[in-house]
Amino acid sequence: MAGQTSARISSRHPLSVPQSYSVRSSQGSQLALRAANPLFPCVKLSKARAVVAASMEVSKASLGLANRQPSKDVLETWRNADAVCFDVDSTVCLDEGIDELADFCGAGQAVAEWTAKAMTGTVPFEEALSARISLIKPSLSQVEDCLEKRPPRISPGIADLIKKLKANNTEVFLVSGGFRQMIKPVAFDLGIPMENIRANQLLFGTSGESAGFDPTEPTSRSGGKAVAVQQIRQDRGYKTVIMVGDGATDLEARQPGGAVLFICYAGVQMREAVAAKADWTVFDFQELIAELP
């Protein structure tokens, strides 16, 4: 696309993440240092834990899900998976990244309504994504500022779970309908290689103005996560891949040739229709850690 740029195609782009990791270029060194610092706001969890714990108790008390206790087959698959793909928004992170960006840009309420529709599957994901980007129209500078002033909040327990999976030689991927520019700091913080991100790409004009998003990314449309997971299995030669997430698009990843299991993480958002169809529903990542060898 002439006159457009993206973090993926420009090694000098301010939102690209080379080996040394930097979200901002010349003026971004402070943020890069914060990302490398264990006190980086991405891991502000004390307050978040209390909020999530409270919501978990309500959800547990109000719902009697048959899949709260996994079957022997599900446990066996979980313990021997070649790879686990995690959704990012409301799973790896406490927030919906696009909603945070929308609020930062002054379009919060309208965009949140579209996000809810997308996550429950009441509208095609591509329709919801296009509508939200049209409402936000985020410039490059706004994305950078949002990341600096509102860094992503990591969900309690996910860092320990990813560490345990990696210790067991299970590969970890982030498969998201969100944007790479906002996911890269999360991947960096959790030690996930940038090449293990499957997500959408914001595009910008030569002056940094919004130019929409890359529609060729599989995750930009309904069923896209299934395609992304299928590609991961094919490219890496994996036999067993599991999807973990909270939304309808994550459930869709459980397809022939894609994810063999879908684990619903309901610790942030409880979507009953999605949880009811999961192979296993958990409210705390410690539940998954406890079942690993």
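**Ground rules.** I am working with a predicted model, in which local features need pLDDT of at least 70 and side-chain atom pairs count only at pLDDT 80 or more, while totals for chains, interfaces and linings use all residues. Residues are numbered from 1 along each chain as its sequence is written, and side-chain values use heavy atoms, with hydrogens and water left out.

**Helix α10.** I took helices and strands as DSSP runs numbered from the N terminus (H or I, at least four residues, for helices; E, at least two, for strands). Helix α10 (residues 224–236) has 13 residues and reaches 18 Å from its first C-alpha to its last, close to the 18 Å expected at 1.5 Å a residue, where the expected span is 1.5 Å times one less than the number of residues. I then listed its buried residues, which are Gly224, Lys225, Ala226, Ala228, Val229, Ile232 and Arg233; buried here means under 20% relative accessible area, with exposed over 50% and partly exposed in between (1.4 Å probe, protein chains only). The cover over these buried residues includes β2, β3 (171–179), β4 (197–200), β7 (241–245) and α11 (248–251).

**Helix α6.** I checked the length of α6 (residues 125–136) as well: its 12 residues should span 16 Å at 1.5 Å a residue, and its end C-alpha atoms are 16 Å apart, which agrees. Its buried residues are Phe125, Ala128, Leu129, Ala131, Arg132, Ile133 and Ile136, and the residue after the helix, Lys137, has a positive phi, near 50°.

Asp87 sits in the loop between β2 (83–86) and α4 (97–104), and it counts as buried because its relative accessibility is 4%. Its side chain makes a polar contact with the side chain of Thr91 at 3.2 Å, a polar contact being a pair of N or O atoms within 3.5 Å (within protein, one must be able to donate a hydrogen and the other to accept it, and residues adjacent in sequence count only if both atoms are side-chain atoms). Leaving aside neighbours within four places in sequence, the contacts of Asp87 (heavy atoms within 4.5 Å) include Lys225, Ser176 and Asp246. Asp89 is also in the loop between β2 and α4, counts as buried at 12% relative accessibility, and touches, among others, Glu96, Ser176, Gly178 and Asp246, with residues up to four places away in sequence not counted.

**The largest cavity.** I counted as a cavity a set of points on a 1 Å grid over the protein atoms alone where a 1.4 Å probe fits but cannot get out, with lining residues having an atom within 4 Å of a point. The count comes to 2 cavities of 30 Å³ or more, and the largest holds about 110 Å³ of space, the volume being the space filled by probe spheres set on grid points joined across faces, edges and corners. The largest cavity is lined by 15 residues, of which Asp89, Glu96, Met119, Gly177 and Gly178 lie nearest its centre. The elements giving two or more residues to this lining are α6 and β3, and β3 gives the most, with 4 residues.

Technical notes: On a 1 Å grid over the protein atoms alone, a cavity is a set of points where a 1.4 Å probe fits but cannot get out, and a pocket is an open set with protein on both sides within 12 Å along at least five of seven lines; lining residues have an atom within 4 Å of a point.
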